[in-house]
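Reader: I have a model open and want to go through a few side chains. Can you take my questions as they come?

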Amino acid sequence: MQHPMLNIAVKAARRAGGIISRASLDVDVIKVSKKQHNDFVTEVDKAAEQAIIDTLLQAYPDHAVLAEESGEAHGNSDSEYQWIIDPLDGTTNFIHGLPYYCTSIALAHKGVVQQAVVYDPTRNELFTASRGRGAYLDGKRIRVSRRDRLADGLIGTGFPFRDLQGVENYLKMFGTMTEHCAGIRRPGAAALDLANVAAGRMDGFFEQGLNPWDMAAGSLLITEAGGLVGNYTGDSNFLFEGEILAGNPKIYAQMVKLLEGYSCAGRPAAKSKTGASATEDNAQS
């Protein structure tokens, strides 16, 4: 039986997914605006986010909400419970008709992520996790991959797209990883990439310049699937540091050795008013 709070998160994700799927049938008429360089928002993002917030706060009106499009404008900012949501991760893919995007919802209690949902409306795939209860895809238990050599691994990543000052450093890192793994993929939706690592479809993932809503749900999926998550140095306090490294335990350790020198941990990133930090049990992570 799923945790009641996870049930509500699933309900919210499916509502958002329905809005996104209907809109995907005619993306040419969707209004698109630019938040900053290469960072887009659509009326679909906003509608999906509102549907999620309404669903969550109807069930838990005293909870706080950290959301990509509206910040913490909803809920009780003093609550020990905080929902961390991205209504449409992969907006650029969505507006181009590329079917790789998702809805991501996580619930943190005192800064520790407890519940996670990543819903891919294009494949109707639902990834869920509750802390201590494992990770699931459409109700079936999932595990990270068993590959033990990075040289055989398929690794996901994301390129810097907001702050292009980081491109030169990233290209060096990309080159280093390319030399040491079997292949690198950049699908364009970090939350869904992390879910696919949890399902064993990719062996690892790394990216910088991310916000908490990009990472929160996916990070719990991975740890509950037997993987590890941290920043490039392996530090478990990654959620508000803007970078993430994840994988099965053996691949993760090999990636840390290669990427720790590229860590940007400590630079300013999105923070919650509650001061929540990374999921402390990600040191499993």
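Reader: Which backbone nitrogen lies 2.8 Å from a polar atom of the Asp-214 side chain?
Author: That of Asn-211. A polar contact here is a pair of N or O atoms within 3.5 Å; within protein, one must be able to donate a hydrogen and the other to accept it, and residues adjacent in sequence count only if both atoms are side-chain atoms. Bear in mind that this is a predicted model, where local features need pLDDT of at least 70 and side-chain atom pairs count only at pLDDT 80 or more, while totals for chains, interfaces and linings use all residues. Residues are numbered from 1 along each chain as its sequence is written, and side-chain values use heavy atoms, with hydrogens and water left out.

Reader: Where is Asp-214 found?
Author: In helix α6, residues 212–224. Helices (H or I, at least four residues) and strands (E, at least two) are DSSP runs, numbered from the N terminus.

Reader: Is Asp-214 buried or exposed?
Author: Buried, because its relative accessibility is 4%. Buried means under 20% relative accessible area, exposed over 50%, and partly exposed in between (1.4 Å probe, protein chains only).

Reader: What does Asp-214 touch?
Author: Not counting residues up to four places away in sequence, Asp-214 touches Asp-86, Asp-89, Ala-190, Ala-191 and Leu-194. Contact means heavy atoms within 4.5 Å.

Reader: Where does UniProt place the feature "binding site"?
Author: The unreviewed UniProt entry puts it at Glu-68, Asp-86, Leu-88, Asp-89 and Asp-214. They are spread over 147 residues of sequence but cluster in space, with a largest C-alpha distance of 10.0 Å. UniProt positions are in the numbering used here, feature names are shortened, and annotations may be inferred rather than shown by experiment.

Reader: New topic. Which side chain does Asp-203 join in a polar contact?
Author: The side chain of Arg-147, at 3.0 Å. A polar atom of the Asp-203 side chain also lies 2.7 Å from the backbone nitrogen of Leu-154.

Reader: Where is the place of Asp-203?
Author: In the loop between α5 (190–198) and β12 (204–208). Asp-203 counts as buried because its relative accessible area is 2%.

Reader: Last one: what does the side chain of Glu-243 reach?
Author: The backbone nitrogen of Tyr-232, at 3.0 Å. Glu-243 belongs to strand β14, residues 243–247, and is buried with a relative accessible area of 0%.
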